[in-house]
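I opened this notebook to keep track of what I looked up, entry by entry. The structure comes first, and my notes follow.

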Amino acid sequence: MSAVLASQDRPQARWAGSRDALHSEWTKLRTITGPGLALIAAIALTAALGAIAANAAGCQARGCQIDPAKVSLTGIYLGQAIVAIVAVTVVGGEYSTGMIRLTLTAVPRRWQVLAAKAAVVSAATLAAGAVAVLGSLLAGRLLLYGHGFTPAHGYEPLSLGTAAVLRAAAGSVLYLVLIALLGLGIATAIRDTATSIGVALGLLYLFPIITSFVADPHWQRHMDQIGPMTAGLYIQATTNLRSLPLTPWQGLGVLAAWAAGALLAGGVMLSLRDA
Amino acid sequence: MSVITPYRTELSSSRDGFAQLLRAEWTKFRTVRGWVIGTVVGALIIVGLGVLTASKSMCSIATVTRQNPNPVFHACPAPATGPGGEWVTDSFYFVRQPLAGNGGLTVRITSLTGLYSTHGGLPSGGNLLAGMTRGVQPWSKAGIIIKASTRRGSAYAAMMVTGSHGVRMQWNFTHDVAGTAGKVSAASPRWLRLTRSGDVISGYDSADGRHWTLVGRAVLAGLPATAQAGLFAATPGYTVNSTSLGGTSSVGGPALATATFDRVSRQGTWPAGRWTGQDIQAPVDSALPRSVQGFTQGRGRFTVSGSGDIAPADSASQVEHTLGGAFAGLIAMVVIGVMFVTAEYRRGLIRTTLTASPRRGRVLAAKAIVLAAVTFVAGLVAAAITIPISEHLLRANGNPISPLSAATLLRVTAGTAALLAVGAVLAVAVGTLLRRSAAAVTAVIAGVVLPYLLAVISGVLPAGAEEWLVRVTPAAGFAVQQGAPAYHQVVATYTPGTGYFPLAPWAGFAVLCAWAAVLVTLAAFRLRRSDA
């Protein structure tokens, strides 16, 4: 009798379960002060570094090879680190406190836990990233004109009405979301916060440093194509697209592949191992 | 009358010694599998990235001959080597004759002019100089020189006027002393004099030919009895380095310097009696071809035109570049250093530790010493393995290996190990301060590794900001890995991205040590004051 009841309940329970899982993950993220403060810091630092870079850039004559959108979005280099760390702590924090055992008791379907975490972290990053990117572009628009990025030198003011700038802006927000998912996947696979942060940041920063030391141009190009950060940031380019080793969206695709790989590895480990 | 005997433990006092504490911390480190594996992985990353960098750095020059139209690839030729063993550029136009024994040479220079190309290449055929712009380069140079022989890289001492750095005395490529400032012109000529006495060459300058000022004294060890002496002209090419965002780009082209000399007087024995013009030129050279360089002589006046440079060559050696993986090794050591402390807080072990050893400063010292020793050894082994392997690979790939002295190699190797050790100590301090591994790892990576990254990847930040980052942040410590020194008398892209740091190697390392010292002090304070 009870077995029949259970089977009748199942479709509704599954739907309600995934909503509850999302709700519980959102509550966890919302009620810890760390992630919220970190994301606010990410917004502030991203916009601030962008403003500093825009203030330091200069174009004296026509034909300077500077990409104004990329300059304004320089802050992503710093913001991505914080976003990755927030994503890592969402999982790593549960393992360090033992909360993960409670989480997995409440939601025994482990892929569902990972999906809920990914959804909540993505949404939070999407919101923070959008504010950070808009702030950076606004700072760039206000500052760059005074530093020689004028129509006389071949530069239109930065505006989301330009297709390339819109792509760079939207792409940068997506970039941050993918970085968060990469961090989440790594942390789920490794389970330790400190190690996961080291691995995530090492992975991001490793490829550009190798590129700067390898002398062979063919390999430099190859390294830039496969590095999650170098390839992903091609999405910010609005000038000289032909000189890029990949098209902007292909570049973001490389990062998406890294993030998907990390999430897959994390999900498989999560479902195979004891918590 | 009761006698109060204070409590004395029956345990021997050596149980409370610092050696015991070190042993306890070493046991903690040794028995956590993840930390040992992490240290080994950090060292392996350094070796692996070094080998990868070296094996993917190839250098070859293709030659095509009439008989064999398929290109033949050769290893890149090494630049000439100066008396000090460093790579040098030695390419100039030399109007010379032998000087036997002691003697001297005095000239007056009335003009230094120049031509340069702004667009890279030269027109093929026709008048080579048509279309070039008038103007001298900052380090265009012309004057008098006493040189051991006409072999490139041989010892020399020279007095010269320059494009915008006044009169200089330079010798053996790396030495440079300033004389009278200001530009040379017919209205304001410069008199220059070089005298040889044994191995010592003295350089003088004068505005009027009567009142002479000693500019410098060069000792050229082993200068042969008969040296080559005479007039010379040379100029490096025109370069504009735009080091703004979007990368460092360098545009420019070859240049030519022309100087007018008169009142040439010789002291001592000059057996040949007449002047010979010779173009000292490297086989592969960016200087202008032979046909436009040369000299004319008439009625006591000499006009000498030359291209090239007499200066140290840009030789940021690739051998120390293969230690670039140190940053990844440092991330591993930082994570271990932070966890060495924060894991105790998380598990509550810190209370046991502090009960066993109530003097808290000594606990922190023991942790720092154990971790510094472990990471230093790991880094030293990694660097000592990486350098010979990558040098071999670079050589096999046709790269000329720039000569690094044994002392420099030792400094780069031990410096890399010390960089990891101090970085790990800094991580211990930050871990003690913050007690939370996520926050501490983030803080250390953002403070040490991120500035290095932003400085090294050219194009992310403007050049000025790059330099300040590796001057004031703990990332300044990476300067200890710089192999070749930067020279002010050479116009080159000296940026962190090309392997040059604004601070001297040990000064940069001292900045990192200062950060570590301050943070360790703060950590000791926090450890003593706060409850565990």
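In which helix is the place of Val374(B)? I found Val374(B) in helix α6 of chain B. Helices here are DSSP runs of H or I with at least four residues, strands are runs of E with at least two, and both are numbered from the N terminus.

Before going on, I noted that this is a predicted model, in which local features need pLDDT of at least 70 and side-chain atom pairs count only at pLDDT 80 or more, while totals for chains, interfaces and linings use all residues. Residues are numbered from 1 along each chain as its sequence is written, and chains are lettered from A and ligands numbered from 1 in the order in which they are written.

Is Val374(B) buried or exposed? Val374(B) is buried, because 23 other C-beta atoms lie within 10 Å. The cut-offs are 20 or more other C-beta atoms within 10 Å for buried, 12 or fewer for exposed, and partly exposed in between, with C-beta atoms placed from the backbone.

I then looked up what Val374(B) touches, leaving out residues up to four places away in sequence, and found Phe29(B) and Thr39(B). Contact is defined as C-beta atoms, placed from the backbone, within 7 Å. Thr39(B) lies 335 residues from Val374(B) in sequence, yet their C-alpha atoms are 8.2 Å apart.

Helix α6(B) covers residues 360-396, which makes 37 residues. From first C-alpha to last it reaches 54 Å, close to the expected 54 Å; the expected span is 1.5 Å times one less than the number of residues. Just after α6(B), Gly398(B) has a positive phi of about 85°.

**Entry: chain B as a whole**

I counted 10 helices and 21 strands in chain B. Of its 532 residues, 50% are buried. Among contacts in chain B with a separation of 6 or more, 75% are between residues 24 or more positions apart.

The domain assignment, whose bounds come from an automatic or database source, gives domain 1 (18-52 + 317-483 + 494-529) and domain 2 (88-312).

**Entry: strands**

I next checked β14(B), residues 226-234. Since 8 of its 9 residues are buried, it is largely enclosed by the rest of the structure. Which strands pair with β14(B)? Strand β5(B), residues 92-116, runs antiparallel to β14(B) with 8 bridges, and Phe94(B) stands opposite Phe232(B). Strand β7(B), residues 141-147, is also antiparallel to β14(B), over 7 bridges, with Ala142(B) opposite Ala233(B). Pairing requires at least two DSSP bridges between two strands.

I also found an open antiparallel sheet of 3 strands in chain B, in the order β3-β4-β21. Strand β4(B), residues 87-90, is joined to β21(B) by 3 bridges, and Thr89(B) stands opposite Ala311(B).

**Entry: where chain B meets chain A**

How many residues of chain B are in contact with chain A? I noted 41 residues of chain B against 34 of chain A. The elements of chain B that give two or more residues to this side are α2 (33-55), α3 (318-321), α4 (326-347) and α8 (437-456). The largest share, 11 residues, comes from α8(B).

Notes:
Contact = placed C-beta atoms within 7 Å.
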